[in-house]
Amino acid sequence: MSDGAVVVWDEDLLGYDLGDHPLNPVRVELTMALARDLGILDRAGVRVVKPTPADDAALARVHRADYLDAVKAAPHDPFFRGYGFGTPDNPVFDHMHDASALVAGATMAAAEAVWRGDARHAVNVAGGLHHAMPGRASGFCVYNDPAVAIARLLDQGAERIAYVDIDVHHGDGVQAIFWDDPRVLTVSLHESPLTLFPGTGFPDETGGEGAEGSAVNVALPPGTGDRGWLRAFHAVVPSVLRAFRPQLLFSQCGADSHRLDPLADLRLSVDGQRAAHIAMRDLAEELCAGRWVATGGGGYALVEVVPRTWTHLLATATGDPLDPLLPTPPGWRELAARRAPGREVPLRLTDDSDVRFEPWQPTSDDAVDRAVTQTRTAVFPLLGLDPLDPRD
């Protein structure tokens, strides 16, 4: 296996543009510009790979044929309705199929590079469209690129893939697509479905018949910050991954868990998100011979948060993590001010947050610890683990 890293990127990925909408591609543009200005893309062993669109056969492994036809037809019919389109969340946009297939193809390219051994790590920050369902668009997502990429690896012989989703919203589409497949472990840490879209991701969602224990959901209370979130992550994710023994770790790294995100109510910092990326890289090293594929996802603080968070992700995947105290380059600040006028442009890569945390305790009455206990109680016995033993 190569020790290098692949970053899948082309400016055509900015074509996934829903118009006047929270999912503004400027967040991806500014991420790649910041990473480039900080020298991440020029590191030794890093290859920037241009994607090609996923073909219909690859998309059809996850999505219904009639849905693919609808995605292609919708931009040409001003009266088109159905399949989840024509809503504020999922407006129809020009070249919708082409743009969405390119995102899926980019994530497939990242996953295949790692699976073939061409790279140890691979990233597509434009991906992570985890809400799309087999037959409908949902939550800003047309094609479910993580699921398309995972399905491709299963077809190429993978037997155990772990998917860890740290977006503030439940990774419902990926969970639903692999609900009955014991070869895929889906793990999602998200704000409680009682308070946030999509209303799923309760602890008792643990997998379908024959795949019991293959879905793990940590539903966190609104207001959870770095310390509570990291405590929950470390109380659940390492244990279930070690029990599952994945051959490859796939991470969806939505940045909308940040306290500045306008669409949700967790309270993480860029520093806490950076710590999560490092933890997942380390788990891939421990369990998967380093095989780690990462995508972006949600994140709607377009200048203030997303570019810094995903630049930390790119740095972690391509070599040493960046020093959080680094200043943002002046040229990047000027670009950000031009591309998103009126936004506060951050001066450094840090939020100056302390991300140290105390381990989970089963007897604690803290709201985060109760959420952890509910998850462990629901799913740990299905994986042969003791839900109340902190060592498991």
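Predicted model: local features only at pLDDT ≥ 70, side-chain atom pairs only at ≥ 80, totals over all residues.
1. Start with H97. This residue sits in helix α4, which spans residues 96-116. Is H97 buried or exposed? Its relative accessible area is 14%. Buried means under 20%, so H97 counts as buried.

2. Next, look at what surrounds H97. Its side chain makes a polar contact with the side chain of Y143, at 2.8 Å. Setting aside neighbours within four places in sequence, H97 is in contact with D56, L59, V71, K72 and Y143.

3. Which residues does W115 touch, leaving aside neighbours within four places in sequence? They are L153, Q156, G157, A158, Q247 and L248. For a distance to check, take T318, which lies 203 residues from W115 along the chain. The C-alpha atoms of W115 and T318 are separated by 17 Å.

4. Now turn to a helix pair. Helix α7 (residues 226-244) packs with helix α11 (residues 367-379). The angle is about 20 degrees, and the axes are 10 Å apart. Angles under 35 degrees count as roughly parallel, so α7 is roughly parallel to α11. Their crossing is right-handed.

5. Which residues make this contact? Helix α7 supplies G228, R231, A232, A235 and V236. Helix α11 supplies V368, D369, V372, T375 and R376. By type, the contact has five nonpolar, two polar and three charged residues.

Terms used. Residues numbered from 1 in each chain as written. Heavy atoms only, no water. Helix = DSSP H or I, 4+ residues; strand = E, 2+ residues; numbered from the N terminus. Buried < 20%, exposed > 50% of the residue type's maximum accessible area, 1.4 Å probe, protein only. Polar contact = N/O pair within 3.5 Å; in protein donor to acceptor, adjacent residues only side chain to side chain. Contact = heavy atoms within 4.5 Å. Axes fitted to C-alpha atoms, helices over the stretch in contact; angles between N-to-C directions. Parallel < 35°, antiparallel > 145°, perpendicular 65-115°, else oblique. Left-handed = near helix turned anticlockwise from the far one by under 90°. Nonpolar A, V, L, I, M, F, W, Y, C, P; charged D, E, K, R; others polar.
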